[in-house]
Amino acid sequence: MRVLGLETSCDETGVALYDSEHGLLADALFSQIDLHRVYGGVVPELASRDHVKRMLPLIRQVLDEAGCVPQQIDAIAYTAGPGLVGALLVGASCAQALAFAWGVPAVGVHHMEGHLLAPMLEEQPPQFPFVALLVSGGHTQLVRVDGIGRYQLLGESLDDAAGEAFDKTAKLLGLGYPGGPEIARLAERGTPGRFVFPRPMTDRPGLDFSFSGLKTFALNTWQRCREAGDDSEQTRCDIALAFQQAVVETLTIKCRRALKQTHLKNLVIAGGVSANRALREHLQKMLGELKGQVFYARPRFCTDNGAMIAYAGCQRLLAGQHDGPAIDVRARWPMESLPAV
Ligand code: KG4
Ligand code: ZN
């Protein structure tokens with residue numbers, strides 16, 4: 001089965017073609033980062049308008065790259081939520097219109113399920129069951145995964161998502177958007193131990209997270225330094241490192257706890273923050289101690305992309321699931337409500 005995948009939930013237009021027998025045939029991405037950078041975050045209306053502009057040329061590009069004509073496409077998968085409603089509507093309308101025109105089924109994919117399954121596109125995919133840490137700009141969740149659509153939420157952030165904390169901390173340090181890669185870049189030059197940030201909610205049982213306090217801690221630290229006349233680049237790097245270490249260690253502690261609690265050995269990390277090198281290294285070390293394994297996608301498929309949507313949609317279509325012709329998107333959509341495959 002050959003599935004065209006469309007991703008438009010936020011600020012990247014992603015298009016890909018996935019074949020259940022031959023794997024990924026082509027994928028293309030247009031990132032709107034430059035468009036939103038001046039505003040320090042995503043402006044929803046601008047995002048929607050840009051998806052409209054990019055979608056059809058990207059679809060043509062992907063079909064050309066794969067050497068494929070519309071008659072060879074068996075179905076269309078699109079992100080139906082969660083995300084920005086206006087942005088989602090662009091992908092959903094486009095998918096439903098093409099599905100109608102080409103006479104093929106369309107399936108709405110849950111964006112976080114797309115992220116969760118992205119490591120399946122790699123050479124050594126994880127086997128079910130496993131624990132998944134989903135860390136993106138909008139979500140931080142620990143999930144027990146027994147199969148596609150068989151999800152049990154173990155814990156989640158009570159306030160800011162991990163990626164959101166990276167973005168907000170970067171902004172208050174005067175760094176660019178998105179903040180995750182910027183903080184990671186500065187952290188490489190940071191002085192270990194100069195600042196020590198708290199590890200929120202690790203001193204009590206449970207698998208929930210809270211990251212909004214770290215942003216305030218960073219703000220107070222940065223203000224204190226500036227009041228003392230130190231607004232140097234090095235201090236920014238030192239704060240970036242201390243912040244990143246706190247997030248990474250907190251996530252690692254909770255992942256370890258989740259693995260112990262579920263008696264599972266395999267961990268999947270997915271979503272934009274799973275591209276973070278320090279996080280990968282820390283988790284790898286922890287899993288080494290537990291004699292388990294950590295799985296993640298190549299960096300390009302950690303952040304938003306069309307390939308993960310094409311893959312996730314293909315699995316559901318192969319199981320006989322698809323949607324009617326209604327254009328239906330959701331800003332919020334609990335992943336546990338998805339049907340099992
Ligand atoms: O999954 P994603 O592309 O979009 C959402 O579904 O939200 O995740 C974007 C988030 C942003 O908050 C961004 O700052 C963060 O992922 N991110 C990173 C890194 N690359 C992206 N955070 C930390 N380190 C990175 N290398
Ligand atoms: Zn995402």
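The model is a predicted one, in which local features need pLDDT of at least 70 and side-chain atom pairs count only at pLDDT 80 or more, whereas totals for chains, interfaces and linings use all residues. Residues are numbered from 1 along each chain as its sequence is written, chains are lettered from A and ligands numbered from 1 in the order in which they are written, and side-chain values use heavy atoms, with hydrogens and water left out.

Two further pairs involve oxygen of the ligand: an N or O atom in the side chain of His115 is 3.0 Å from an oxygen atom of ligand 1, and a polar backbone atom of Gly272 is likewise 3.0 Å from an oxygen atom of ligand 1. Taken alone, ligand 1 exposes 550 Å², of which the protein buries 88%; these accessible areas come from the Shrake-Rupley method with a 1.4 Å probe, and for residues only the protein chains shown count as cover.

The shell around ligand 1 holds 20 residues, the closest being His115, Gly137, Asp167, Gly180 and Asn276, where a residue is counted if one of its heavy atoms lies within 4 Å of the molecule. Helix H4 (111–117), helix H5 (162–172) and helix H6 (179–187) each supply at least two residues of this shell; helices (H or I, at least four residues) and strands (E, at least two) are DSSP runs, numbered from the N terminus.

The UniProt annotation "binding site", from an unreviewed entry, covers Leu134, Val135, Ser136, Gly137, Gly138, Asp167, Gly180 and Asn276. UniProt positions are given in the numbering used here, feature names are shortened, and annotations may be inferred rather than shown by experiment.

Two of the annotated residues can be followed further. Leaving aside neighbours within four places in sequence, Gly137 is in contact with Ala161, Gly163 and Glu164, and Asn276 with Phe166, Ala184, Gln244 and Val248, contact meaning heavy atoms within 4.5 Å. A polar atom of the Asn276 side chain also lies 3.0 Å from the backbone nitrogen of Leu279.

In strand S7 lies Arg144, whose side chain makes a polar contact with the side chain of Asp146 at 2.8 Å. A polar contact is a pair of N or O atoms within 3.5 Å; within protein, one must be able to donate a hydrogen and the other to accept it, and residues adjacent in sequence count only if both atoms are side-chain atoms. Among the residues that Arg144 touches, not counting those up to four places away in sequence, is Pro129, which is joined to Phe128 by a cis peptide bond with omega about -5 degrees and is found in the loop between H4 and S6. The peptide bond from Tyr177 to Pro178 is cis, with omega near -5 degrees, and Pro178 lies in the loop between H5 and H6.
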